[in-house]
Number of protein chains: 2
Amino acid sequence: MGEELGVTAKKSENFSQWYLDVVRKGGFVDQRTPVKGCDVFMPWGYGIWEEIRAIADPMFKERGVKNAYFPLFIPKSLLEKEAKHFEGFVPEVAWVTRGGDEELEEWLAIRPTSETIMYYTFSRWISSYRDLPLRINQWVNIVRWETKATRPFLRTREFLWQEGHTVHATWEDAKKEVDEMIDVYSRIFRDYLALSFLILKRTENDKFAGADFTVAFDTFVPEAGRILQIGTVHHLGQNFSKPFEITFKDKDQRVKYAYQTSWGFSTRLVGAIIALHGDDKGAIIPPAVAPTQVVIIPIPFKGREREVVEATRKIKEGLEDLGLRVELDDREQYTPGWKFNEWELKGVPLRIEVGPKDVEKGGFTVVRRDTGEKSFETDVNVVPEILQDIQENLRERAEKKLEESIVTVEDLEGVRKVVEEGKIARTYWCGRDECEFGVKEETGAEIRGTRYDVDESEEAKGKKCFFCGREAKYVVYIAKSW
Amino acid sequence: MGEELGVTAKKSENFSQWYLDVVRKGGFVDQRTPVKGCDVFMPWGYGIWEEIRAIADPMFKERGVKNAYFPLFIPKSLLEKEAKHFEGFVPEVAWVTRGGDEELEEWLAIRPTSETIMYYTFSRWISSYRDLPLRINQWVNIVRWETKATRPFLRTREFLWQEGHTVHATWEDAKKEVDEMIDVYSRIFRDYLALSFLILKRTENDKFAGADFTVAFDTFVPEAGRILQIGTVHHLGQNFSKPFEITFKDKDQRVKYAYQTSWGFSTRLVGAIIALHGDDKGAIIPPAVAPTQVVIIPIPFKGREREVVEATRKIKEGLEDLGLRVELDDREQYTPGWKFNEWELKGVPLRIEVGPKDVEKGGFTVVRRDTGEKSFETDVNVVPEILQDIQENLRERAEKKLEESIVTVEDLEGVRKVVEEGKIARTYWCGRDECEFGVKEETGAEIRGTRYDVDESEEAKGKKCFFCGREAKYVVYIAKSW
């Protein structure tokens, strides 16, 4: 649609250009909007988000989460209620100051996240231990007025996300919720999006503004040498329940402040999928979230068009009967070769070609996007198996990439070298701010945290801090990030 | 959750209070937010919207409509591009004037509708007749800075909607799309939401700002004596394609301006469902869109709790196996009677009661929300039939209400009388602005338009205009509206 096809850069040589080519030319996004950093999510890109939502939403609901919708606008005074939260978000708030012809008495923030407006309301919904746990989620748009360079899906001023917010009677109940949501996110990201990731507890300096602690999912893109945060789960303790007066009468008749969690992932996931799985030909979308899982391309041959068209229609019906998302690309103005390139760029996991020879032999040719492997098939029932195989192959590849990117080192020089090689340094840390800020200044890379799902602290015993040489307490992961 | 149960007003005596009681106490909405007119759509109210979306979205997609997401922000200069459109919307735009610490160079409108931002983009997506038709839809939030009194779902400053936008090669193609979308909307509103409505072509003065013509769905609430617009379909002609330069090279190699349509419905539908179907006990939600279709309430009896609980679980499983949305209300802190009232207020279409006697007789008691009828049943397979019957009964009731509300009259006094009785006046009109503005001033009621689905113009022949006595051209419908 108006732009030339084809990726102009190799992923390993110029990741930034490669990524822009893929998202633009593959029809994921249109950045040519009149507001910088506010992109159009085009049907192909938005379609992946729809599939992610269709997978995640029932998983949330199974846990008793209910969807709702809270206002876009948050009055300034409300956003200020939790001081750290306000400080954390105020530099990137878009403010509504006028409604119609009138100046507003109080500025309204476009939600940069919804803790404050939700918890203002939760305080009225909860009065007894019987009202707990409360589990509310919303799928909404978010605005953060980024001053950093924006990049489609990965960092945009407006994006889409889900934010889940839960309220519990005890710190332990909230902790259990955090752990269970980490498990839910892990399954979504690994089993459906085929992503690999580290589950890291962020440092005190890096945790969410207002959290007791933050657990983040970090995926890694070797070709860019950068980590990408793809989801977070926060234990909020009583940091919000106190200023927002979310209290409940417990079984012992005492009125207590509740404990809370919040968790979210965003359209950044679409960018992560493209960045992690793609190759020099374009994107590779995992079958589980591909808006089109199989594209059928007829190979016309003069005088035999009808046979071919009939065969493709039959295959399409057969695949749809199996519950697959299928598109028949019978556009006449493009050659088959042109179509192959376009669908490879978009990342459709499986292509089926049907020419007169295939028809004669009573079958069709299947081409896998992940490996390029071709095979001749006669039964549509093999297709779900091949898709399953692609899904697993993408996941295995992604896991291998992550494993190969982590290098354990013992000192700053080691960290510097690993980071410069575009990898993740795994090392030992004393836990002091000086060393955390120091390594950022020296190398541009950040301490991303300690593993949350595996206790690695034993290994730090007897080790020295990579930065200051003092006694180490933690095994940490250091990398550059977006 | 914090408010007393129970509707304090009769629907027929004080509709406004009745409506507020139902939406607040039934858990549809929480209005106690810090921004006037920006309500919280609570899980029960939002859940209905989710069901509507789940029904409509596949119907759109079947027609080749693709979902996308366009930016929330529209620069002032872009909104101004189509002059009438700008004039129509500018009085109710919320403006972002600051991002972070900085004054913006250009004010950004929070989308009051997305024609301008979408068509700015469409112009780059379309170059050939082969790119047509283009059909794009989005499910998003909308802001209109209302100065009128707000009312939950019916008129709010922020609401949710879907907006479909299509582009075609000819005026006739766009007209066909309009007609087909009217059919789609009719099916959604009638077959699933059980609403009755008039399909009216709005007058020139009342059409959408920038449309060639507007067709609107008007439902009528007799207890309020008011019409409610629940959806619109616009033929935009070339009114936007010219300023936005949406052109295509046609088969004849000539570059032409395209023709467009747009169509939308909003969370107002949730309010329409409540207003139209509800009774003095509360809401009645049609089974097709009820977040919970069946609630099971155990009637505990000392010493026999276990039998009852086991029976309810079995019934729940049986109903869920039939694909129904079921809730078991086994909360111990409430009496069965209290629960009956609450679920009646929320409008769950079917209640199942299970006490020890029911268990003994090997069955359960079913209570219909629409008629209050009770029956004893032994087989869960009857439930889908009963729900289907409720669905049809609600639709028939709604249709009867509309029919009974339309009264044909011939002059202004007749119109005045009918409107004062809280009905819809059907009468004859010459087509002149003077009479349209005149009746509004005299009676507070508006000419809502002429029927679009049925040509009634023959009937106007030989009749006099109800207002001025000149020769009539149209049969029109006049009523007060929200």
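Contact means that heavy atoms lie within 4.5 Å. The model is predicted: local features need pLDDT of at least 70 and side-chain atom pairs pLDDT 80 or more, while totals for chains, interfaces and linings use all residues. Residues are numbered from 1 along each chain as its sequence is written, chains are lettered from A and ligands numbered from 1 in written order, and side-chain values use heavy atoms, leaving out hydrogens and water.

**Exercise 1.** Find how many residues of chain A and chain B are in contact, and what area is buried between them.

*Solution.* Start with the residues: 57 of chain A are in contact with 57 of chain B. Next, take buried area, the accessible area (1.4 Å probe) that two parts lose on being put together, summed over both. Between chain A and chain B this is about 5100 Å², and carbon and sulfur atoms give 64% of that. Finally, look at A:Y69, A:F73 and A:W125, which supply 13% of the area that chain A buries against chain B, more than any other three residues.

**Exercise 2.** Count the salt bridges between the two chains and name one of them.

*Solution.* First, the rule: a side-chain nitrogen of Lys or Arg lies within 4 Å of a carboxyl oxygen of Asp or Glu. The count between chain A and chain B is two. One salt bridge joins the side chains of A:E50 and B:K61, at 3.1 Å from N to O.

**Exercise 3.** Describe how strand β5 of chain A meets β5 of chain B.

*Solution.* Strands are DSSP runs (E, at least two residues), numbered from the N terminus. Both strands span residues 94–99, and five bridges join them in an antiparallel arrangement. Now pick out one pair: A:R98 has B:W95 as its bridge partner.

Notes
Pairing = 2+ DSSP bridges. Helix = DSSP H or I, 4+ residues; strand = E, 2+ residues; numbered from the N terminus.
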